[in-house]
Amino acid sequence: MTLKLGRRALIATAVAALGFSTPALADGHKVLDSIHFLIPGGAGGGWDGTARGTGEALTGAGLVGTASYENMSGGGGGKAIGYLIENADSNHGTLMVNSTPIVIRSLTGVFPHNFRDLTLVSGTIGDYAAMVVGKDSPINSMADLMAAYDADPSATAIGGGSVPGGMDHLVAAMVMEAAGKDALGVKYIPYDAGGKAMAALLSGEIAALSTGFSEAVDLANAGEVKIIGVTSDERVGAAPDAMTMKEQGIDTSFVNWRGFFAAPGLPDDKLAMYQDAIAKMYETPEWEEVRARNGWVNIHNSGDDFQAFLEAQETVIGDLMKKLGFL
């Protein structure tokens, strides 16, 4: 099964094409004095890395004066969304990072809000998914993982930093289905954000981890984990030895978008400044360093384009989840 995301051969969920825009060159002038990033999960996860990497690039390039960060775990991301909505008037200096789960978790009723309850600022990057095992695991490839699963499905648990039926679970199910296994038979163990899921892998609680590529690449390059499959069409430069799923005969691909949202009722002039700063960021060497280090793909769509994409993804992911029995 292949999930496709937009143009330029970017992968994702057979969703509508993303709206790409060409950002203006950063002129070195500060656009905003400060940004406060609200992160709906714990430290070490993909949301955390995206917010901190974006803040690093914006401040390093001089587009934003200062950046601050706040991790607010809980409710599969719902706690942070609720906080942003309930305290909208005092949060006009805050950007919340989110990604595909804001669509998935609204569909499954994990929390009552959805992206329409927020101000849509900008989609910014894509992150491939990866299947990861511990450095001492006897599993060295997707074929090894499938053999272990066939031998003892209940002892071959796959963990993830999202709720059951969430994105990491969905990716694991897609991979297993594409490999000819029963997607609903996978023993999936959820953790609150990628950092805790990675800790569970390293401690041996789970046999493999379904996670974002950017969350695994540094540990893989340090020899702490092994990436046994990536959901990209071609190998990613940040970890060139990591094989794609397709190389191993598993015909599936996926990329998780990540982007930023603001409180409802954000004044138009403040929204324009956020969008201007993010657009200019793409042309800076500071951003390219952050992007390449994490193995991200540039995906830039803001305003109406962002809303159109999210609405299309909501439809396609909903249909896919029904097919897999998650809805």
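1. Phe-306 has a relative accessibility of 0% and counts as buried. In this note, buried stands for under 20% relative accessible area, exposed for over 50%, and partly exposed for what falls in between, with a 1.4 Å probe and protein chains only. The model is a predicted one: local features need pLDDT of at least 70 and side-chain atom pairs count only at pLDDT 80 or more, while totals for chains, interfaces and linings use all residues. Residues are numbered from 1 along each chain as its sequence is written, and side-chain values use heavy atoms, with hydrogens and water left out.

2. Rings of Phe, Tyr and Trp (the six-membered ring of Trp) are paired if their centres lie within 6.5 Å; planes under 30 degrees apart count as stacked, over 60 as edge-to-face, and the rest as tilted. That rule gives eight aromatic pairs. One of them, Phe-37 with Tyr-69, is stacked, at 5.5 Å centre to centre and 10° between the planes. Because Phe-37 belongs to strand β1 (residues 32–39) and Tyr-69 to strand β2 (residues 64–71), this pair ties together parts that are 32 residues apart in sequence. Phe-37 is buried at 1% relative accessibility, whereas Tyr-69 is partly exposed at 27%.

3. Phe-261 and Phe-306 make a tilted pair, since their ring centres are 5.4 Å apart and their planes stand at 40°. The two residues are 45 residues apart, with Phe-261 in strand β9 (residues 255–262) and Phe-306 in helix α10 (residues 304–324), and the pair links distant parts of the chain. Phe-261 is buried, with a relative accessible area of 0%. One aromatic cluster takes in both of these rings, along with Trp-257 and Phe-309.

4. Lys and Arg count as positive, Asp and Glu as negative, and His and the chain ends are not counted. On these terms Arg-105 is buried without a salt bridge, and the nearest side chain of opposite charge, that of Asp-168, is 6.7 Å away. Beyond its neighbours within four places in sequence, Arg-105 is in contact (heavy atoms within 4.5 Å) with Trp-47, Gly-76, Gly-77, Val-110, Phe-111, Gly-161, Ser-162 and Val-163.

5. On a 1 Å grid over the protein atoms alone, a cavity is a set of points where a 1.4 Å probe fits but cannot get out, and its lining residues have an atom within 4 Å of a point. The lining of the largest cavity consists of Asp-127, Tyr-128, Ala-129, Met-167, Asp-168, Thr-211, Gly-212, Phe-254, Asn-256 and Arg-258. Two or more lining residues each come from β4 (119–134), α5 (167–178), β7 (208–212) and β9. The largest share, three residues, is from β4. Asp-168, the nearest opposite charge to Arg-105, is among the lining residues.

6. The structure has 11 salt bridges. In one of them, Asp-127 meets Arg-258 at 2.9 Å, N to O. With Asp-127 in strand β4 and Arg-258 in strand β9, the bridge ties together parts that are 131 residues apart in sequence. Asp-127 is buried at 1% relative accessibility, and Arg-258 is buried at 2%. Both residues also line the largest cavity.

7. Two further bridges are found in the loop between β8 and β9. Asp-233 pairs with Lys-246, the closest N and O atoms being 2.9 Å apart; both residues lie in the loop between β8 (225–230) and β9, 13 residues apart. Asp-233 is partly exposed at 30%, and Lys-246 is partly exposed at 31%. Glu-247 and Arg-235 also form a salt bridge of 2.9 Å, N to O, and these two, 12 residues apart, are in the loop between β8 and β9. Glu-247 is partly exposed, with a relative accessible area of 40%, and Arg-235 is partly exposed at 40%. As for networks, salt bridges with shared partners join Asp-127, Glu-215 and Arg-258 into one.

Notes. Helix = DSSP H or I, 4+ residues; strand = E, 2+ residues; numbered from the N terminus. Salt bridge = Lys/Arg side-chain N within 4 Å of Asp/Glu carboxyl O. 1 Å grid on protein atoms, 1.4 Å probe; cavity = no way out; pocket = protein on both sides within 12 Å on 5 of 7 lines; lining within 4 Å.
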